[in-house]
Amino acid sequence: MDKLNNQIVIDRLQEQFGEQVRVVAEPHGLLTVATEAASILDVLAFVKDDAVLRFNYLTDITAVHYPNEERDFCVVYHVHNLLQNLRLRIKVFISGPTPTIPSATPLWNGANWMERETYDFFGVVFEGHPDLRRILNMDELEVFPMRKEYPLEDPNRVDKKDFYFGR
């Protein structure tokens with residue numbers, strides 16, 4: 001069997017999903033593709049179970065908040081083919097005050113805590129998750145700290161006032 005490379009991954013994904021999977025980039029050799037929330041479980045199951053691809057290790061699930069974009073949240077999955085040491089990044093752009101995506105826990109038990117962490121910091125709801133609750137922050141916290149919804153600096157800081165700098 002030929003050594004697995006990014007072009008083979010692209011070809012297999014295009015063959016299976018066509019326009020549902022788009023190649024985004026290939027920074028430093030890490031293939032990055034995007035799909036929709038409705039397709040994510042099918043894509044993840046395919047890359048995990050396909051005899052050629054075999055991305056059977058879920059390295060991480062996280063999110064990114066892009067507050068000025070139409071679809072302002074991006075859920076990012078990193079999967080790894082341990083046999084041929086190849087990695088794949090899969091992105092799903094979603095939006096809304098309560099961004100929602102299907103849970104990957106039916107495919108990987110280890111997705112449980114990764115999804116809880118992503119929920120805890122970004123507020124992304126993983127539908128079908130067996131125990132979606134905060135994992136690192138206090139249960140009483142009413143905000144999601146990694147969302148870019150707050151000013152970067154406190155406008156009330158007195159050490160930033162002009163009169164301290166002779167202006």
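This is a predicted model: local features need pLDDT of at least 70, side-chain atom pairs count only at pLDDT 80 or more; totals for chains, interfaces and linings use all residues.
1. Overall architecture. The chain contains three helices and seven strands, and from the N terminus on these elements follow the order α-β-β-α-β-β-β-β-α-β. Of its 167 residues, 40% count as buried, and the accessible surface comes to about 9,900 Å², with 51% of that area belonging to carbon and sulfur atoms. Among contacts between residues at least 6 apart in sequence, 52% join residues at least 24 apart.

2. The nonpolar core. The largest nonpolar core comprises 37 residues, and those with the most contacts inside it are Y77 and I101. At least two residues of this core are supplied by each of α1 (6–17), β2 (31–35), α2 (40–49), β3 (57–65), β4 (73–81), β5 (86–94) and α3 (111–122).

3. The surroundings of Y77. Once neighbours within four places in sequence are set aside, the contacts of Y77 include I40 and L44, together with I101, P102 and A104. Also among the contacts of Y77 are D60, I61, L88, R89, I90, V92 and F126.

4. The buried face of α2. Helix α2 has I40, V43, L44, F46 and V47 as its buried residues. Viewed down the axis of α2, these buried residues fall within an arc of 160°, and they therefore line one face of the helix.

5. The whole structure holds three aromatic pairs, one of which is formed by F17 and F46 in an edge-to-face arrangement, with 5.5 Å from centre to centre and 85° between the planes. Because F17 lies in helix α1 and F46 in helix α2, this pair ties together parts that are 29 residues apart in sequence. F17 counts as buried at 11% relative accessibility, and F46 is buried as well, with a relative accessible area of 13%.

6. A buried serine in a loop. S103 sits in the loop between β6 and α3, and with a relative accessible area of 3% this residue is buried. The side chain of S103 makes a polar contact of 2.6 Å with the side chain of E115. Not counting residues up to four places away in sequence, S103 touches L41, E115, F126, E127, G128 and H129; F126 is also listed among the contacts of Y77.

Key: Residues are numbered from 1 along each chain as its sequence is written. Side-chain values use heavy atoms; hydrogens and water are left out. A nonpolar core is a set of buried Ala, Val, Leu, Ile, Met, Phe, Trp, Tyr and Cys residues joined through side-chain atoms within 4.5 Å. Buried means under 20% relative accessible area, exposed over 50%, partly exposed in between (1.4 Å probe, protein chains only). Helices (H or I, at least four residues) and strands (E, at least two) are DSSP runs, numbered from the N terminus. Contact means heavy atoms within 4.5 Å. Rings of Phe, Tyr and Trp (its six-membered ring) pair if their centres lie within 6.5 Å; planes under 30 degrees apart count as stacked, over 60 as edge-to-face and the rest as tilted. The arc is that of the directions from the helix axis to the C-beta atoms. A polar contact is a pair of N or O atoms within 3.5 Å; within protein, one must be able to donate a hydrogen and the other to accept it, and residues adjacent in sequence count only if both atoms are side-chain atoms. Accessible areas come from the Shrake-Rupley method with a 1.4 Å probe; for residues, only the protein chains shown count as cover.
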